[in-house]
Amino acid sequence: MMNGKDRILLFIPAYNCEKQIVRVLGQLDEKMMRFISEVIVVNNRSTDGTEAAVMDFMEKHPKMPVTLLRNKENYGLGGSHKVAFRYAVEQGFDYVIVLHGDDQGNIHDMYKVLKKGIHRRYDCVLGGRFMRGSKLKGYSWFRTFGNIVYDFLFSAVVRDRIFDLGSGLNLYSVEMLKDPFYLKFPDNLTFNYCMILASHYYKHHIRFFPISWREEDQVSNVKMASQAISVLKMLGAYAWNHEFIRSELREQIREEYSADIIKENK
């Protein structure tokens, strides 16, 4: 299944995406699975049929190395990242790819990164929806403009070009994640924003690459106005004092982020 050089974990966070999750898993053809050692779907306590859809897919594809996890609590998207990062570290993976379970991104955009070994030269290889070569479908001009403005604001603070604050297709070196600097980051959708600031603070070597992104039948969990304000406050606090990124940023402090294994294809 894998290329024999890197142990790569594909992490798919899933929350109430029963219609999309099977399409996401269906992207994993033989071409991509040559690079992927294991797939984990982290179900963040979905209230729809997401979990049943994943189990049905696993039964129909018994040879695909998929593990279905269910968070002990609803941790949020950031919390699900923490579950997956811990899993990647404990299981001895070299890299972890994040692909959101709502079928907005395409794992094949990562193919050239893996084939050329680009990932081995960076701590993070991040999908950029708003850079040259990217393709957006069904994304409003207003949201596109807003994202580009925020990208420039973050770029000004970190003094490096930022093309996306948090797409649904990213790759991280597990060696970088062995330092749990991210545990105090928010458990909500602003987790990735903090990861960008942390990369500047800890001098991580990052690279963006163009991706395709589409919005069709997905349900957004973003509350645009409130998130825009909270992100500006976060960026301002970091600009004033970079040590801000080391502070406790969670609304609810948890001792650990854990999940139960529901089903495994080994």
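Reading the cavity, a pocket and the fold

User: How much space lies in the largest cavity?

Analyst: About 80 Å³ of space lies in the largest cavity. This is a predicted model, where local features need pLDDT of at least 70, side-chain atom pairs count only at pLDDT 80 or more, and totals for chains, interfaces and linings use all residues. Residues are numbered from 1 along each chain as its sequence is written, and side-chain values use heavy atoms, with hydrogens and water left out.

User: What is a cavity, and how is its volume taken?

Analyst: On a 1 Å grid over the protein atoms alone, a cavity is a set of points where a 1.4 Å probe fits but cannot get out; a pocket is an open set with protein on both sides within 12 Å along at least five of seven lines; lining residues have an atom within 4 Å of a point. Points are joined across faces, edges and corners, and the volume is the space filled by probe spheres set on them. Here the count is one cavity of 30 Å³ or more.

User: Which elements and residues line the largest cavity?

Analyst: Helices (H or I, at least four residues) and strands (E, at least two) are DSSP runs, numbered from the N terminus. The lining has 13 residues, with Leu-126, Tyr-172, Asn-192, Met-195 and Ile-196 nearest the centre of the cavity. Strand E5 (124-128), strand E7 (169-173) and helix H8 (191-201) each give at least two lining residues, and H8 has the largest share, four.

User: Is Ser-199 buried or exposed?

Analyst: Buried means under 20% relative accessible area, exposed over 50%, and partly exposed in between (1.4 Å probe, protein chains only). Ser-199, in helix H8, is buried, with a relative accessible area of 6%. Leaving out residues up to four places away in sequence, Ser-199 touches Cys-124, His-204 and Ile-206, where contact means heavy atoms within 4.5 Å.

User: What lines the second largest pocket?

Analyst: Its lining includes Asn-74, Tyr-75, Pro-186, Asp-187 and Arg-254, and the space in this pocket is about 270 Å³.

User: What does the radius of gyration say about the protein chain?

Analyst: The radius is taken over C-alpha atoms, and the globule rule is 2.2 Å times the number of residues to the power 0.38. For 266 residues a compact globule would have a radius near 18 Å, and the protein chain, at 17 Å, agrees. The protein chain has nine helices and 10 strands, and buried residues make up 53% of its 266 residues.
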